[in-house]
Amino acid sequence: MTAIRILALSLACATLAARNRPAAIPDNPDAATILHLLKRTSYGPRPGDLERVREIGLAKYIDQQLHPERLADAAMSARLSGFDTLDMSTRELAERYYIPAMMERRARQRERATNGETQTGQSPDAANQRAERQRGVAGAGGGAPAQNQKMPSEMRREQPTGAMREEREALAELGQQRLLRAVYSERQLNEVLVDFWFNHFNVFAGKGVDRIYLLEYERDVIRPRVLGNFRDLLGAVAESPAMLFYLDNWMSADPEVANKPTMLRGRGRRPGSSKPPPPGRPRGLNENYARELLELHTLGVDGGYAQKDVVEVARAFTGWTIENPRRGGSFRFEPRMHDDREKIVLGQRIAAGGGKKDGQRVLDIVATHPSTARFIATKLARRFVADDPPPALVDRAAARFRETGGDLRETVRTILTSAEFFDPAARNAKVKSPLEFVASALRATGAEVGSALPLLRSLRDLGMPLYMCQPPTGYGDTAEDWVNTGALLNRMNFAVGLADGSLGGIRVNLDRFAVGSSNQASIAGSIIGAQPSGPTAATLAKTGEPAKLVALSLGSPEFQKR
Amino acid sequence: MISRRVFVKNGGLALVSLGFAPAFLARAAEAAGGRRRILVAIFQRGAVDGLNMIVPHGERAYYAARPTIAVQRPGTAVDAAVDLDGFFGLHPRMAPLKPLFDRRELAIVHATGSPDSTRSHFDAQDYMESATPGVKSTRDGWLNRCLHAREHQNATPFRAVALAPQLPRALQGTAQALAIGRLNQFGIRERGANAGVSPSFESEYAAAADRVLKETGSEAFEAIRMLKNADPSRYRPANGAQYPRSAFAEALRQIAQLVKADVGLEVAFAETGNWDHHVNEGASTGQLAFRLDDFARGIAAFTADLGERMADVLVLTMSEFGRAVAENGNRGTDHGHGNAMIAIGAGVRGGRIYGDWPGLDPQKRFEGRDLAVTTDFRDVFAEVAVRHLGIADPSPVFPGFRVSQTRFRGFLAAS
């Protein structure tokens with residue numbers, strides 16, 4: 001009890017401090033300050049961005065980015081207009097792509113079974129499963145041709161044609177969309193936050209039918225809410241088939257109910273199990289979503305909950321299921337799967353008979369828990385400021401989160417306008433994630449992306465295949481997560497490939513990097529968005545080739561930071 | 001003491017051509033720091049049918065449950081099981097591994113698996129690679145945690161290598177691990193205008209202000225040099241080893257190259273797929289037989305190729321779960337529970353099948369249908385971590401699991 005009171009007291013103090021502290025946006029920012037702001041609120045400065053922000057002023061730029069709906073982004077829409085699937089419902093995706101591909105797979109299976117199949121020794125299930133694991137279904141997918149070259153002959157025979165290939169190409173549009181937006185959208189902070197929140201509420205495309213749910217998940221659940229209210233976002237995620245399937249809640253049922261023969265033998269089992277459960281095995285409570293809701297989505301692992309709470313939360317969410325996932329169905333509350341008895345969650349009583357409201361009540365409890373404010377504030381500050389974010393800033397952001405009832409725009413604003421954010425020590429302190437590295441390289445060089453498919457493959461090679469992060473933790477957000485020998489070499493190779501045009505479908509106009517009116521160091525400086533260090537400048541001074549200059553700039557240690 | 005790292009940096013490795021390492025160099029390396037023990041983990045993705053791989057031919061229930069796909073009792077048919085101990089036998093396509101069993105270099109742990117009952121490939125592989133059954137949010141893999149548990153000064157960039165396009169879950173984590181598709185493509189791709197760009201990158205990183213980037217960069221270029229000196233394109237397997245032509249065998253061949261190149265390998269990972277035979281699995285011939293043929297010949301070639309270096313190397317095979325005891329309506333098998341793991345090489349007390357055999361009678365099956373699990377797969381992993389990798393305190397490798405040597409099956413000699 002005392003601990004809670006002390007916590008409440010210190011939070012109250014922090015709130016006061018936040019009110020009294022003026023925003024710390026510099027009035028006459030130098031180039032380094034502006035570039036710092038750009039590197040954190042966007043996927044890196046483009047040529048001309050520095051001057052544009054200087055003209056607008058930092059405060060106004062931040063405010064504009066916090067209100068993406070007010071920023072025109074017509075060119076972005078035009079770029080995406082060629083993708084047919086982006087406006088589709090999951091049901092449409094299922095009917096047009098997923099189900100035909102599944103039927104084709106089955107037909108092959110039957111064909112093989114009749115032929116005895118000793119040639120390749122492959123079963124379609126296995127091929128499908130491998131495809132899911134290795135190919136990066138929705139994200140890194142798409143690029144069939146180049147990948148085939150890398151595949152050993154044993155696997156090459158299994159290349160899908162027809163419906164299976166169409167499915168893969170369709171699902172790769174999601175990844176292309178994400179990458180193109182990161183590079184070209186004017187609503188850059190919004191894109192950074194889409195990445196942040198998708199990753200916070202991570203779902204893995206390689207888990208069965210989840211691959212067709214990701215489009216609506218990102219488009220309808222995450223994207224519209226990244227600057228909205230946390231409870232609203234949490235609720236939308238909780239009802240999303242993508243999350244319900246990924247963390248198995250869709251099949252979580254009151255064990256008591258499941259044991260009654262009339263109940264789940266027939267109907268409750270059906271919503272989309274990949275293989276029918278074995279006879280005599282009742283479906284029961286599944287704690288996966290409940291655990292990750294507490295550990296990863298809200299309170300954090302040390303947020304003050306016990307295993308008992310996990311079970312109670314799981315009981316509250318029984319019956320939150322999906323109507324026929326194999327056909328792209330929607331969220332459904334199934335009272336017959338629901339445990340309608342009383343629950344006690346984090347010390348709060350949820351009375352019996354609440355039905356679907358039980359889950360909503362849990363979301364209310366966890367969304368307003370002090371640990372949640374702190375956990376979200378810490379993660380946001382880590383993303384925008386430093387791997388080990390300044391505690392005072394985390395305190396203020398958490399306080400702002402609480403006093404605004406979880407207003408994400410205001411929480412982010414608190415961070416972006418803080419003295420800690422503009423502290424020179426924060427500059428170039430973060431190592432870019434692979435997505436940030438790739439997008440910033442394209443932005444810095446003014447690259448024209450004809451096809452984003454090669455970039456999706458690059459992201460896979462760099463260790464960050466889009467939508468293919470398997471654990472619900474999402475990708476890490478510290479230097480430690482991204483700096484390793486193989487990935488670093490791949491970054492240099494990406495830089496080389498982008499510079500010499502061998503990535504395919506991506507053009508960089510090298511003329512603008514010709515040594516002439518400006519010298520190597522200043523060309524590199526404009527690409528890196530910071531003055532290259534003495535040794536890097538010395539290395540660059542030895543090269544006159546624009547392609548090499550671009551490669552050595554993008555692959556330099558300086559460019560790996562933001 | 002001269003560390004091998006220094007030794008290598010001073011050019012010793014320049015003389016070591018893969019497969020042609022002069023004996024004195026190997027001895028020198030050994031003297032300089034001792035050859036490290038190496039674990040080669042092999043994942044059979046898709047859930048191999050362990051009951052047809054390591055056949056319980058002494059079980060009447062096995063034959064009753066599998067009228068069309070059972071492997072026949074040894075001596076009763078042309079292509080029957082290869083007997084091991086009078087009760088278990090190898091699938092006939094696994095025969096290439098029989099000599100290893102006879103030489104007591106190969107042990108089997110049967111009826112091993114997860115305490116979690118999931119029959120989802122995705123979840124079960126996740127649980128096995130993180131070694132935290134039932135817990136999805138474990139960020140790193142158990143092999144990565146093994147690396148942390150045996151940090152040492154002589155670590156090289158090739159400490160942990162997956163011969164795969166992507167780092168498998170088991171090796172993901174904060175300890176350095178490499179995913180290499182093909183050894184001879186490792187490095188900076190210099191072409192055209194970018195010819196000669198590699199040394200420039202190297203000098204950039206040598207002078208990097210960021211300590212982690214500087215160190216990692218120098219490791220990366222050191223790794224390139226090490227591999228270049230080892231000259232993988234000239235590799236010739238030793239002792240007449242014949243690797244089958246498959247992606248899996250190719251991965252093993254490259255692991256053998258790395259072992260012999262003395263580049264500091266400690267943990268290697270290879271995977272083999274297409275074990276999910278719901279339809280027309282086959283018995284002595286057919287789909288499963290075809291896959292086992294590649295699997296066994298690949299491993300047999302690997303052990304032959306390594307020859308005496310197998311004294312340092314332990315091969316451990318695993319698969320996410322087993323398959324149902326009874327065949328289904330399509331002459332295949334559905335997802336099951338317990339399975340068999342195979343250990344070959346260093347320290348193995350081979351020629352035996354370990355574990356308590358639960359029996360296959362319907363009432364002895366898990367949930368009435370599957371081979372029950374009598375050895376938690378983490379007890380197998382832990383035995384490897386402690387007895388092979390020399391990890392004194394394995395508890396950080398297995399969070400949420402109390403490792404107890406009393407539960408070790410003893411397939412490895414206590415060193």
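Buried means under 20% relative accessible area. The views below show a predicted model.

**View 1. The aromatic pair B:F158 and B:F186 in chain B.** Both B:F158 and B:F186 are buried. Their ring centres lie 5.8 Å apart with 55° between the planes, and the pair is tilted. B:F158 belongs to the loop between α7 (142-149) and β6 (160-162), while B:F186 belongs to the loop between β7 (178-179) and α8 (197-206). The two residues are 28 residues apart, and the pair links distant parts of the chain.

**View 2. The aromatic pair B:F88 and B:W357 in chain B.** Over all chains there are 28 aromatic pairs. Here the ring centres of B:F88 and B:W357 are 5.0 Å apart and the planes meet at 85°, so the pair counts as edge-to-face. Distant parts of the chain are linked by this pair, whose members are 269 residues apart. B:F88 is in the loop between β3 (82-83) and β4 (89-90), and B:W357 is in the loop between β11 (352-354) and β12 (375-376). B:F88 is buried, at 6% relative accessibility, whereas B:W357 is partly exposed, at 23%.

**View 3. An aromatic cluster in chain A.** One cluster is formed by A:F196, A:W197, A:F201, A:F230 and A:F401.

**View 4. Charged side chains over rings in chain A.** A:R178 lies over the face of A:F198, 5.2 Å from the ring centre. The ring of A:F245 has the charged end of A:K207 over it, at 6.0 Å from the ring centre.

How values were computed. Residues numbered from 1 in each chain as written. Chains lettered and ligands numbered in written order. Predicted model: local features only at pLDDT ≥ 70, side-chain atom pairs only at ≥ 80, totals over all residues. Heavy atoms only, no water. Phe/Tyr/Trp six-rings, centres within 6.5 Å; stacked < 30°, edge-to-face > 60°. Helix = DSSP H or I, 4+ residues; strand = E, 2+ residues; numbered from the N terminus. Buried < 20%, exposed > 50% of the residue type's maximum accessible area, 1.4 Å probe, protein only. Lys NZ or Arg CZ within 6 Å of the ring centre and 35° of its normal.
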